[in-house]
Structures are given as C-alpha cells and as structure tokens.
Amino acid sequence: MTTKVKAAAYRLIGGSKTVYSADYEEKISIFNNFKKQIEKLIGLVATLVTDNLATELKQKISKDTVDSGMNKYEKVGQALYKYSSEIENDSFAVVLKRAKEVFDNAGQKHREFRKNMLEKVQNPMKEWIETNAKHVTKELKSINNKRDELDCAINKLRKKPDDLEIQAVKDRAENVFQVELKKTDKLLDDEIMESQSLISSAMITLMEVIEDYNKSMKEIFKDFNRAVEYDKNKRNLMIVLFVLIGSEDLG
C-alpha cells in the first residue's frame, strides 16, 4: 500500500490531516489562474497567425516552422502572376504584375508578422509553461507527498505514542515537510510574479506587433492603389481579384 493510499485510509477513519494555510492555498489558486491566462494567450496567438485549416495542418506537419506553406497574400500574388501570363492584353498583364508585387510584399510582411508573433509573443509563454509551470506542478505534487508521509507518521505515533523509533520517523517527516513547504511557498511567490510580468510583456508586445503589421499593410496597399491605373484596367483587375479570392487558386 502506497503512502498516499495509507494517508487517505487514515483520514477516512478520522486520522490526522495536515492542513495548508489559507494564504498558501490562495497562492496555488492565483498561480493556476495565471497559468490558464497564459495558455489562453498562447491559443490566441496561434489563432492570429493561422490563415486557414489547410495552413494549420501544414504548420503541424512541418512542426510549426515559420516558412511552412504559402499565406493568403502569396496565393493571391501567385494567382495574379498566373493570369498575367495567360491574358493577351499587355497593358492589363502589366497591371496584374504590378499588383502581384504588392501582394508579394504583403505576403512577406504577413510572414514577418507571424514570425514576430511566434518568437516574441508566443515562445516566451510556451517556454514558461513547459519549464517553470511544470516545475511548480512537480513541486506541488512533491509537497503533497511529503504531507502524506507526515500524516502517516503522526497516525502511527498515535497508536504507539511511546515508540521512540516512530517518534523519530515523525520528527524527520515533519522537518522535511516544513522545509519543502517553505521552499514551495517561495517558489509560488516567484512564479506568480514571473507569470504576471510575462502576461504584461506579452500583451504589450502583442499590441506592438499588431500595430506595426496594420501600419505596414496600409502602406503596402497604398502602393496597390498607385500601381493600378484608374481606368477600365483597374475595374477589370478588381473583378479578377474577387473571382480569385473565391477560387481554388487561394486554397
């Protein structure tokens, strides 16, 4: 019978159960709440950088590399190039090729956006979850095991209060528990502060990356307007673009 099972059995019949302080329990709750917030932010970033289901599958297959698959802007650029080489109207073909360059630039910016979101926003949070948070979880489990060992020793001593050997076992278990509890309590303090700082930093960086992306994309598509003449060619080009957006060329 394991120590955990023994401790549970003792408690069922009214045996000792060492109770954590309300302050310690609250710290565990706060830590878990921050952990959940960070996990949600990681999911948010994944959503923001995923173009569609097909791209998401490619990312998973390629182990989430930044350069996996074409993004939506690059697909438009590719389609524009394809149609520019097929039409007979040279002036229209020139307009399409100019527009392709604009979408290529947008595609590159989108790649930079995705890279920045993953490297600057998501990766630090993932690293914290995979290292710091796992370490805290391990320590919380360890201190619970130490509590079980202490409670088992206390209950054994109750049955044989004059047994010096059992008394020594209980004293050692209590000392180990107190040392581990103090260490875990400090660890919780440190990681709560670290998680707060991480969330704050991630949100600031997230907003900066999005702001830079939106600003750059506006500038890029100003070039799109300059690249297309205000005549029949532009109207025809826009029709082609709308057709392409709904076609299989964009996946």
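In what order do the elements of the protein chain run from the N terminus on? The run reads α-α-α-α-α-α-α, and the protein chain accordingly holds seven helices and zero strands. Both kinds of element are DSSP runs numbered from the N terminus, with helices being H or I over at least four residues and strands being E over at least two. The model is a predicted one, in which local features need pLDDT of at least 70 and side-chain atom pairs count only at pLDDT 80 or more, while totals for chains, interfaces and linings use all residues. Residues are numbered from 1 along each chain as its sequence is written, and side-chain values use heavy atoms, with hydrogens and water left out.

Of the 251 residues in the protein chain, 38% are buried; here buried means under 20% relative accessible area, exposed means over 50%, and partly exposed lies in between (1.4 Å probe, protein chains only). The protein chain exposes about 15400 Å², with carbon and sulfur atoms supplying 54% of that area, as computed by the Shrake-Rupley method with a 1.4 Å probe, where for residues only the protein chains shown count as cover.

Turning to charged pairs, side chains of opposite charge can pair when their charged atoms come close. A search of the whole structure finds eleven salt bridges, each defined as a side-chain nitrogen of Lys or Arg within 4 Å of a carboxyl oxygen of Asp or Glu. One of them joins aspartate 185 and lysine 27, at 3.0 Å from N to O. Because aspartate 185 belongs to helix α6 (residues 164-227) and lysine 27 to helix α2 (residues 22-48), this pair ties together parts 158 residues apart in sequence. Aspartate 185 is partly exposed at 21% relative accessibility, whereas lysine 27, at 12%, is buried.

Another salt bridge links arginine 111 with glutamate 74, at 2.6 Å from N to O. Arginine 111 sits in helix α5 (residues 90-159) and glutamate 74 in helix α4 (residues 72-84), so the bridge connects parts 37 residues apart in sequence. Both arginine 111 and glutamate 74 are buried.

A further pair stays within one helix. Lysine 183 and glutamate 180 form a salt bridge whose closest N and O atoms are 3.5 Å apart, and both residues lie in helix α6, three residues apart, or about one turn of the helix. Lysine 183 is partly exposed at 44% relative accessible area, while glutamate 180 is buried at 16% relative accessibility. Finally, salt bridges with shared partners join Asp23, Lys27, Asp185 and Asp189 into one network.
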